[in-house]
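Dear colleague,

Please find the structure below, together with its sequence.

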Amino acid sequence: MAVRFFMAGGRERNQDNPILPITEVPRFFEAPFISGFHRKNDDGSTTLENGRLPLFRNFDETTGNPLPRPNTLLIDSEQLEAGDALDDKFHEMAADEIERFRREIVERTGDARAGDNITDQELLREVMNTVGKAGQLGGSIRCVVSVSMLTEGWDANTVTHVLGIRAFGTQLLCEQVIGRALRRQSYELNEEGLFNVEYADVFGIPFDFTAKPVIGPPQPPRETIQVKAVRPERDALEIVFPRVEGYRVELPEERLVAKFTDDSTLTLTPDLVGPCETRNEGIIGEGVNLTVEHLGDVRSSTLLFHLTQRLIYTKWRDPGEEPKLHLFGQLKRLAKEWLDHHLECKGGTYPAQLMYQELADMACNKITNAITANFLGTRPIKALPDPYNPTGSTRHVRFNTSKADRWQTSSRHCHINWVVLDSDWEAEFCRVAEKHAKVRAYVKNHGLGFEVPYRYGSETRKYLPDFIVLVDDGKGPDDLLHLVVEIKGYRREDAKEKKSTMDTYWVPGVNHLGTYGRWAFAEFTDVFQMQDDFAKKVENEFNKMIEAAVNGDAERA
């Protein structure tokens, strides 16, 4: 049983509205009587006066020695700055957590020397910041006795009880202390799509509630696990990936050709463009229906001109330079082909709505992607890595979660101990991946930092794929295929843009870098056929690689 019990005292005594007069505070509530202490005798010896509650004791009942990991933390601002609230043995028992804290500081600051100069003050603050979090420095703390910590902006979401034993000088300080118990422990939605009600018990603090007090039934504490890389036991399953922040494309200007596919189609629906018919009713008078039927009178040549103009000014214009107007004729031809064969209007929408900037940019993105896809073999795409943090890895994954939907990974297939599931489909994928003969390792992109930049209309967004899978496609264990996997049900327009970006920009760009191995992208849409679909995806990528290698050897010969 782990109880987070915080005791606070005001800085000033309020005679008009005291909690308990200082002279009347029971000795039980004094800090040493909670954690225990050694009483000095007349002969110079000491006698252990252990804490009144076993859960909060800091001393071993048999030997009287201090526990290496204290249950109660006695702290105030002076101790926090001096760093003398931690026992010396704490450093030995918490060596693993301290070493991890050093690595985290190096990762956050980028300074390799920062981890070598950690002071006891910083360790003490880290203990306070991780109270109740299993596997971290403050994981064993059950009670914090503090005079001022709860009024200095310190946040913790594991507070269950607050006990005020001294008077507060102002009502504001009282409210600040209560606020420390108002942090939610869980942000998971229940079956009704709402947060479960959470309560904290507050004692001794004069706080006037406008409603009647609510007695919350005791709730069992939620199980919290730490999702992390299992090191060094599973280091052989580490997956390294590039952090890409953009792409550079150099297309020819002599003859532009587009390679349109099914994903090049844009479907205009009320869900995408907004309502196409509304009814306005005044206080008096007859109501009127407002529609977009007038857009049907816009000539197709007018729409084609505006779309081509938008295409040139946004896609074929380098920063600080004039638009390439000599490409107007070629782009107009491709825009007309796209309008004739890859634009669908449903639910009362009209093609002229493409003159709206947001929708025009969606159309321009699809036309540009089709042109880029046609020149993938002759004009390589260049991925631009993040200059400050170009490489990511599964070794850096470490976070806590109380989410119950999770999959315990196989020690032979995943560097991370748990997969946090967002759907049942992902659980099925984990089962198939661990069973498949060609899969060497996989990881869920949760807390991994794997992001793909893409454009949706006029916005620049970040796409987080679901999984990365290492596949043995016959090239040997030193040249595995990195398969980026997306588990998708219903595909909206943004899903099409994500897939198009992966196929046209990210995968070719990363493969062109040549420093992160070979990459491919796969999308699954039917969970019931996932096992067959997965095998086909792997086989298709394998056949492509073999064909490319054979053709390359023939050309060199």
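The side chains of K499 and D503 meet in a salt bridge, 2.8 Å from N to O (a salt bridge being a side-chain nitrogen of Lys or Arg within 4 Å of a carboxyl oxygen of Asp or Glu). Both residues lie in helix α12, 4 residues apart, about one turn of the helix; helices (H or I, at least four residues) and strands (E, at least two) are DSSP runs, numbered from the N terminus. Salt bridges that share partners join K366, E493, K496 and E497 into one network. K496 is buried at a relative accessible area of 14%, and E493 is buried at 11% (buried means under 20% relative accessible area, exposed over 50%, partly exposed in between, with a 1.4 Å probe and protein chains only).

This is a predicted model: local features need pLDDT of at least 70, side-chain atom pairs count only at pLDDT 80 or more, and totals for chains, interfaces and linings use all residues. Residues are numbered from 1 along each chain as its sequence is written, and side-chain values use heavy atoms, with hydrogens and water left out.

Helix α12 bends by about 45° at M502, the bend being the angle between axes fitted to the seven residues ending there and the seven starting there. Just after α12, G514 takes a positive phi of about 80°.

A search of the whole structure finds 21 salt bridges. One of them joins K444 and D422, with the closest N and O atoms 3.3 Å apart.

Yours sincerely
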